[in-house]
Amino acid sequence: MNSDTGMKPKIAIFKFASCDGCQLSLLELEDSLLDLVNAVEIAYFPEASRRMLKGPYDIGLVEGSITTHHDAERIQRVRRESKTLVTIGACATAGGIQALRNWKDVGEFVRFVYAKPDFISTLKMSTPVAEHVPVDFELRGCPINKLHLVELIGAMLAGRKPNIPTYSVCMECKRRGNVCLAVSASLPCLGPVTQAGCGAICPAYHRACYGCFGPMENPNPTALAGRFEAQGHADRDIMRAFRMFNAWSWQFRQVSEERERR
Amino acid sequence: MSTQTETGRTTVIKVDCLARVEGEGALYIKLKGDRIQDVKFKIHEPPRLFEAFLRGRHIREAPDITARICGICPIAYQMNAVHAIERALKVSPEPAIRMLRRLFYCGEWIESHALHVFLLHAPDFLGYDDVIAMAREHRETVEKALRLKKIGNAIVAIMGGREIHPVSAAVGGFHAVPGKSELNTLLPDLEWALETSLETVKLVSGLPFPDFDQDYEFVSLSHPGEYPLNEGRIISNKGLDIDVSEYEDHFLEQQVKHSNALHSLLRERGSYMVGPLARLNLNFERLPEQARAVASECGFTLPCTNPFKSIIARAIEMVFACHEAIRIISEYEVPEIPCMETAVHAGTGQAATEAPRGLLYHRYVFDDAGQILAAKIIPPTSQNQKRIEDDLWQYLPQLLGKPEEEMTLRCEQAIRNYDPCISCATHFLRLRIDRQGEPCPRS
């Protein structure tokens, strides 16, 4: 990707409702950070710099979900200013853990947390960026894999499609040589329906995958939920398993609502 | 990034997007002639309402969920949840697990302190917009900083699978514990990190500090045998000395219109400070000899009541964290059982631990099925918020007459003294205990 001026491509990082972890991944690059800033211009990254250059930007990286009126307007501006817009992480891509409000009365939530709820302005739903504006690419994960970020920026610079796998965590788990916890320990492991990218760390640490990277391409969560049930897991637990950091992705949402209705 | 308008003799300084802090904050100052009329440290980070949606979740999910309050200090959140739930269940894991948990915190402290000292705070002292500009003239220092940060992260990644939102923390212990040889691989790097931290103390001690001393009430954990990380009583330099379960009797929260994060106050005394400078002032004698020696060599004397010197306190704490990590790894024996079986029953549990930015408090109430009925989380930044505003009120008179840009920069620096994590502060707004109609169980 070349910017119009022939200068280094400009990258901007925008934050919405989130924990800052995905944009922190950029600073976590440590070894490659100084090389990266030679290849691109970090034009807007308030977490790291007071220097804030105006758009347009070649790549806009968006972290966080949309939860306020102000942010719903701001994401429109961000889209206009970004030639390529990439969501980074589960909040921007699927609404994040704060999307748990989407099944509840957010007014009650605000009254529960704040003494003077009138001061607080928030939307009923926490929604992914793609529900508001067209998105060019999504990086999954809670948090994202920082190497995916390097791959993404490299691919954009080279003008090719990023090479990010869309198969399931099971593939990584097998390659890592883990014992399958779903089979050997009857744990409610989301690996079979979750997109790869983390390196199957949970099974390697003897626990079931809890779905940080969200649904893989063409998952079958209904079948997996049936398997959990056959293993003796209660509907409520199955519902909760699908209702975590990617709860509002439609594939996980569908199965969690199905189990909630029972 | 800042705008200043003059109407007659009224000057307004606004920084709408504070840089080099975690999360979204803003600063608003109104001056009339030489009189300061208003100072507001605003937090406009959108609320995420964790305490509300934790209700109905299972206690075993609380560590993973609360980690997502903050990508910079997820360990403090997940471990604090673990400690609070274990206290409610009256579970105490074996000493080897306790040591591993301290090691986990050391990793986070090294990573977070290196980030703040070099990447977020040092540019203020040296006059750069960011670490990238700083690297052009101080490349070697920045490379060392990034390596230090990486070593902290390496501890976290071995312990928990990844740097951000690690996956191993569990009620009763860890889902899996590292082998001895795995931890030993960290030692050469940690020896280097210890040396580099000692150099860092000397380096940052030579920075220019404004004359600015305040009569602070410092609050931190205190433990008879060790520098506090994840256990101890809550004490202050003005006589506070309480068990963690008494926290809510002594501290209260106030909602103010200009902030989405609640202000914490000590009852009848007002604002207070948590964080590295508070910890150091209250626990200096529990630092390892090496850390105390370098502090005195650099002329760092106690009490230290200049908040700008928190950068030195952070560097001294990096020395401690490297030293402690080396000690724990050298003495490590793999625990026989990584995670104790825990029977779930109804309970209420509170815990406080020392996040890199200061004291963090959690309380959970849950039923016999382990379902959470109420949760309260008070992050360090919401505790420091009022104190940050108080500092600005006191510091501004020194700046009157300076050029606008410098005034703005100095105020930003004064805020960054606290390494504010605005994401935490807001993501955790807390439930009111005196709400009408819906009594909230207290311990």
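Chain A splits into domain 1 (10-158) and domain 2 (169-261), with bounds from an automatic or database domain assignment. This is a predicted model, where local features need pLDDT of at least 70, side-chain atom pairs count only at pLDDT 80 or more, and totals for chains, interfaces and linings use all residues. Residues are numbered from 1 along each chain as its sequence is written, chains are lettered from A and ligands numbered from 1 in the order written, and side-chain values use heavy atoms, leaving out hydrogens and water.

| Item | Value |
|---|---|
| Buried area (accessible area, 1.4 Å probe, lost on being put together, summed over both) | about 1,400 Å² |

Carbon and sulfur atoms give 62% of that buried area. On the domain 1 side, Trp103(A), Arg140(A) and Cys142(A) supply 44% of the area buried against domain 2, more than any other three residues.

As for salt bridges (a side-chain nitrogen of Lys or Arg within 4 Å of a carboxyl oxygen of Asp or Glu), the interface between the two domains has zero.

Now for the rings. Trp103(A) also forms an aromatic pair with Trp248(A), edge-to-face, at 5.0 Å centre to centre and 75 degrees between the planes. Rings of Phe, Tyr and Trp (its six-membered ring) pair if their centres lie within 6.5 Å; planes under 30 degrees apart count as stacked, over 60 as edge-to-face and the rest as tilted. Over all chains, the whole structure has 20 aromatic pairs.

Technical notes:
Buried area = accessible area lost by both parts, 1.4 Å probe.
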